[in-house]
Amino acid sequence: MNKEFVKFDKVDKSYDGKILVVKDLQLDIEEGEFVTMLGPSGSGKTTCLMMLAGFETPTHGEIYLNGRAISSIPPHKRGIGMVFQNYALFPHMTVYENLAFPLRVRKIPKDEADKKIDKALSMVSLQGFADRMPGQLSGGQQQRVAVARSLVFDPQLVLMDEPLGALDKNLRESMQYEIKHIHESIGVTVVYVTHDQSEALTMSNRIAVFNDGKVQQLSSPDELYEKPVNSFVAEFIGENNTFAGEVSDISGGKCKVKIANTEILANPISVKGKGEKTKISLRPERALINPSDKMDNIHSGKIEEVIYHGDHTRVRIDVLGNNQFILKVPNSSANMDIKLGKDIKIGWNSDDARALDPK
Amino acid sequence: MSSETQQILTTDGIPLEVSLKKAERRNKIKAFLLVAPLLLFLIITYVFPIGDMLLRSVDDKMVTEMLPKTFKAMEKWDGKELPEEEVFAAFHEDFIKLVEEKREGKLSTQLNYTKNGFKSIIKKLRRKSKNFEEGNYKEQIMAVHKRWANVEYWNAIKRRAPAITGQKYLKGMDMYKNETGKIVSVSEDRRIHRILWLRTLEIAFFVTLFCFLMAYPIAHLLATLPMKYSNLLMICVLLPFWTSLLVRTASWMILLQQQGVVNDFFVGIGLVADDARPEMMYNKTGTYVAMTQILLPFMVLPLYSVMKTISPSLMRAGKSLGGTPIVAFWKVYFPLTIPGIGAGCLLCFILAIGYYITPALVGGASGTLISNQIAFHMKSTLDWSFASAMGLMLLTGVLAIYWVYNKLVGIDNIKLG
């Protein structure tokens, strides 16, 4: 497999000559991979997708597709399938004609085209809808047609720009699995843009977290969640408890961080020496109530709020001067004594408390 | 109907349908009262005038009422030989009455429309009729002028007997009913109306075409430019709209005349010689130029409103699927603008077909339209029934175009905004 099927090489993009929307982007995408560009709005992810599709040109740098520089190739010659945010189905054409469009411009004979269209429609389970107009379809069905249309001409690469944004929650979740399965069955390379982290975590092989025109972290979903490399990623992906402090000692793969008159042990990720400011990130599910003695961080706090969530309870605790500390307590008979205002002991392992940049 | 359908009752036992009607009646009355003033206004200013125009265009009872006894006496006359004494006596009786009421002049005008030459002989008859003796009116009237002894003139009078006539419509198409009652065209050198109708259609068609060719890119630009620039452009499009039509037409006269700005410019850049300045006004060119400019906003606005709703991602989709920009435009963008094109073209064509001021001012002889002819008959010849007939023919033409458009494109495909 080609490790550098898509390659962004030092790509800059500016619209007005004053602000860089994309800064020095370096990104390699492997053939057959499902890569998601995730980030808040205005982080440059859609711009990157548009540059790849050919609707925007890089201000500096070059994009390679399968080893070929593509900046000077117009969109219609790139052979990249694309699914747009609002589907962009041609409203005056039937589903069949929509799917036939990319085949007709490629001058594929009709019987062969019909076979491809049948195949694409059955892939998204829309057989029998060929003669409908897009306006007669529900949002989910339109979405499937858009996916089928982007795949019908067998592109090597498919781009998806927040394709599920307009669907309701249940439909969105089932479509996530459907797109994932399609990707797995035909092995096409997919670059997917979204601002919905759960979507990204569900579907992707790798996720590129964008912020401020830069890729903050590019890694697999589990690594992204478990091992964020900076505070932005830690805070953007999932829930996160933070403590701001100053490193007072660093040795043997652990560091001591001074917070509100006490010191806690943490895992030094982006701190190098004493006196550095840092922000410690800890996932809510990694802190436990009634900790065992083996844990190297045990502190006492006061329960400020209890919210019942069915399978678990969210508990907000005031600990070490942070009254926004969240705990997720699984609902079991052993944990029934959580009451508002009660003092409890909580603990966590220093490995899970990641000392990141102070931003 | 079938015994199985059960009537649904409300909790009070009133049938649901009755109850629903009762509940909605108030709203219906309210809604009707709200539109009532407009409805009344439309009836007074639109339905009545058109109805009146229709009546006026076929109305021919003026002569019928002026010569009641004559027409009664003429019923038995076959029109081949001169009528009998009985007819002449009846005519004399009617005529004396008209002279007493001083209405014989109107009769002469009316009869003159049917056949030239009545004016003078009626004048003469009035003078001589004072000294007529009782009895044998045929001899006395025939002695007044030799035309009174001509059977064609009596036939002309008889043709005016019916109270309703379609002859104004025939005249509008350069046709008439001849002595034997057959519908024939007038001789070729006198066919002015057909030329005008064809010219009107031709000018309306080309003005619409020019408007479309110019408006399409402008509308596209308006719909795709960023707000900041598109607002400015929109004002440029609308500015002529806010200027008086007369002023705009007059400014075209300044620009297009032989010593005008455009001609000076052409001479200045050496395109034409100073002594061979082309005539761009008082002919078709002037009408084309000025009307296209004036009707342009009517094409731009419907096109713009439709283009505004077309998502830019559709063109992108077309390109990303492999269509060249031209294919993407032709297969994706253009079909989606058809409702706007239809609305704009229909609007421009209908406005152009009845345009009056501009062709009157810059059209000259070869650039005037049917509407100018209608105005001429309204103001100069005072033949209102002919003007009405042509107005209605114009209206029928517009309705026909509407019908054809509906058949071809479908009227629900129109989008004005």
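**Confidence first**

I started with chain B, which has a mean pLDDT of 86, with 96% of its residues at 70 or more. I am reading a predicted model here, and its scores are ipTM 0.81 and pTM 0.77.

**Domains of chain B**

I checked how chain B is divided, and there are two entries: domain 1 covers 61-163 and domain 2 covers 193-413. Taken over C-alpha atoms, the centres of domain 1 and domain 2 of chain B are 52 Å apart.

**Helix α7 of chain B**

Which residues of helix α7 (residues 137-144) of chain B are buried? I got B:Tyr137, B:Lys138 and B:Ile141. They sit on the same side of α7(B), because the arc they cover around the axis is only 100°. I then looked at the other side of α7(B) and found B:Glu139 and B:Ala143 exposed. Next I asked what covers the buried residues of α7(B), and the cover includes α4 (85-100) and α6 (118-129) of chain B.

**Where A meets B**

I looked up the contacts between the chains: 19 residues of chain A touch 15 residues of chain B. On the chain A side, the elements that give two or more residues are β6 (80-83) and α2 (95-105). The largest share of that side comes from α2(A), with 3 residues. By residue type, the chain A side divides into 13 nonpolar, 4 polar and 2 charged.

Strand β16 (residues 297-308) pairs with strand β17 (residues 312-319) in the antiparallel sense, over 6 bridges. One pair I picked out is A:Ile303, whose bridge partner in β17(A) is A:Ile317. β16(A) and β17(A) make a hairpin with 3 residues between them, and in the turn A:Gly310 has a positive phi of about 85°.

From β17(A) I went on to strand β18 (residues 322-330) of chain A; these two run antiparallel and are joined by 7 bridges. Here A:Val319 has A:Asn322 in β18(A) as its bridge partner. β17(A) and β18(A) also form a hairpin, with 2 residues between them, and A:Leu320 in that turn has a positive phi of about 50°.

A:Tyr87 is not a glycine, yet its phi is positive, about 70°. I found A:Tyr87 in the loop between β6 and α2 of chain A. Is A:Tyr87 buried or exposed? A:Tyr87 counts as buried, because 25 other C-beta atoms lie within 10 Å, and the cut-off for buried is 20 or more.

A:Ser125 also has a positive phi, about 50°, without being a glycine. A:Ser125 belongs to the loop between α3 (110-123) and α4 (139-151) of chain A. With 12 C-beta neighbours inside 10 Å, I put A:Ser125 down as exposed, since the cut-off for exposed is 12 or fewer.

How values were computed: Residues numbered from 1 in each chain as written. Chains lettered and ligands numbered in written order. Predicted model: local features only at pLDDT ≥ 70, side-chain atom pairs only at ≥ 80, totals over all residues. Domains from an automatic or database assignment. Pairing = 2+ DSSP bridges. Helix = DSSP H or I, 4+ residues; strand = E, 2+ residues; numbered from the N terminus. Contact = placed C-beta atoms within 7 Å. Nonpolar A, V, L, I, M, F, W, Y, C, P; charged D, E, K, R; others polar. Arc of directions from axis to C-beta. pLDDT = per-residue confidence, 0-100.
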